[in-house]
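Please look at one helix and its surroundings. The report below covers its faces, its ends and its packing.

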Amino acid sequence: MQNPVTPALEVEALSHRFGKTQALDGLTFAIAPGRIMGLLGRNGAGKSTLLRIVSGQLKAKEGDAWLFGQRIYNNTAALSSLCMIGDTPDFGKLKNLKQLLHVCDGLFPGWDRERAMQLVKLFELPFTRPLKGFSRGMQTAAMLTIGLASGSLLTVFDEPSLGLDAVMRERFYDLLLEEKQRNPERTFILSTHLIDEVARTLDGAVMIDKGRLLCQAELSEFGRIYMSVSGAPEVVRQETEGMTILKEESIAGSLVRHLRLNNAGEGERLMAEGKVQIAPMNLQRLFVFLAQQNSPEPFGEEVEA
C-alpha cells in the first residue's frame, strides 16, 4: 500500500475569536505539496487570522495546524520550511535592496542569490536606492522577489499584487509559474480576494468566508462539480429538475442556472443530450454564489429545482 503524502499545510477545526468577532469557525482543510493553491475569500473572511496562525504569530483558541506534519506554534523547526510574504512590507532599518538580500541569504536555508538578482532586474528595482524611497509597487515587488528566491518549501503570498501595475502583476504570475517549473517540489499559496486575477496560475483553491470553509477542489474538479446551464426556460427547468441550484438568472430570454452537481452522471447526461448549453462556472462568480449561500440573508439560500 502506498504511503499517504504528508500535506504541506494542514489545519484542523481551527477556531479563533477576537472579542465578539468570530474570525475562524472550525476551519479544516489540507493542501498537498507541490501545488499552487489559492486561499480565496473577501476582506474579513478570516484569511489574515489564518495566516498569523500558520506563521506561528498567533495560537489558535481551538484546533491545530501543521506544516509538513509538524505542529506550527512555538516550533522553529516547522517554521524553517515557511516563507510568509505579508501585505504590509516592513524593512525595518535596512537601507537598500543590497542589505535586504544579504539578510535573506542568512534567513532562508534554500535562498537562491543568483535568482534573487535576476528577479531584481525583472522587476526593474534599483539595487542601491534607499528602501524608504520605494513606491508601494516597488515595495511589493521587493517582497515578491524574496518569496520567489527564498527556496522555501511552502511560500505564502498575501495579496501579492498590491500597488503593482498591470505589467508587473502579469510578470509576477508568469515568474511564479516559471519558479514552479524550476522547483516542482515547492508549494505556493496565494491569499487574495482578487479571484479572477490569480485564477490562471492555480492548481486548486480553498474558499473561505466568515471563518468557515466554503469549498476546496482542484481547478479541474471545479468544472465537474459546478456548472452553468442555459437555454430556453422550459427546457432548462426540465433538464435540471432535482439538481442543486446556487443561482438562477434570466438573460435575453434565456434561463441560466448555476448548479452544484450531485454526481458526475448529471453533467454527463446534460452533455450527451445536448438540449442545453453548458459552461464551466467562472471561479469568482462561484465564490460569490457560495458566499451568498453562507450568508444569513434570504437571497443567499440554496434552492431545489
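## Terms and model

A crossing is left-handed if the near helix is turned anticlockwise from the far one by less than a right angle, and right-handed if clockwise. Helices are DSSP runs (H or I, at least four residues), numbered from the N terminus.

This is a predicted model: local features need pLDDT of at least 70, side-chain atom pairs count only at pLDDT 80 or more, and totals for chains, interfaces and linings use all residues. Residues are numbered from 1 along each chain as its sequence is written, and side-chain values use heavy atoms, leaving out hydrogens and water.

Helix H4 spans residues 113-122. Arg115, Ala116, Leu119 and Val120 are buried there (under 20% relative accessible area, 1.4 Å probe, protein chains only). Viewed down the axis of H4, the buried residues fall within an arc of 145 degrees, so they line one face of the helix. The arc is taken from the directions from the helix axis to the C-beta atoms.

Glu114 and Lys121 lie on the other side of H4 and are exposed (over 50%). The cover over the buried residues includes H3 (97-107), H5 (136-149) and H6 (166-182).

## Ends of H4

Aspartate 112 caps the N-terminal end. One of its side-chain oxygens lies 3.3 Å from the backbone nitrogen of glutamate 114. Just after H4, glutamate 124 has a positive phi of about 60 degrees.

## Packing on H5

The axes of H4 and H5 come within 9 Å and cross at roughly 150 degrees. That makes H4 roughly antiparallel to H5 (an angle over 145 degrees). Their crossing is right-handed. Ala116, Leu119 and Val120 of H4 make the contact with Thr145, Leu148 and Ala149 of H5 (heavy atoms within 4.5 Å).

Terms used
Helices (H or I, at least four residues) and strands (E, at least two) are DSSP runs, numbered from the N terminus. A polar contact is a pair of N or O atoms within 3.5 Å; within protein, one must be able to donate a hydrogen and the other to accept it, and residues adjacent in sequence count only if both atoms are side-chain atoms. Axes are lines fitted to C-alpha atoms, for helices over the stretch in contact, and angles run from 0 to 180 degrees between N-to-C directions. Angles under 35 degrees count as roughly parallel, over 145 as roughly antiparallel, 65 to 115 as roughly perpendicular and the rest as oblique.
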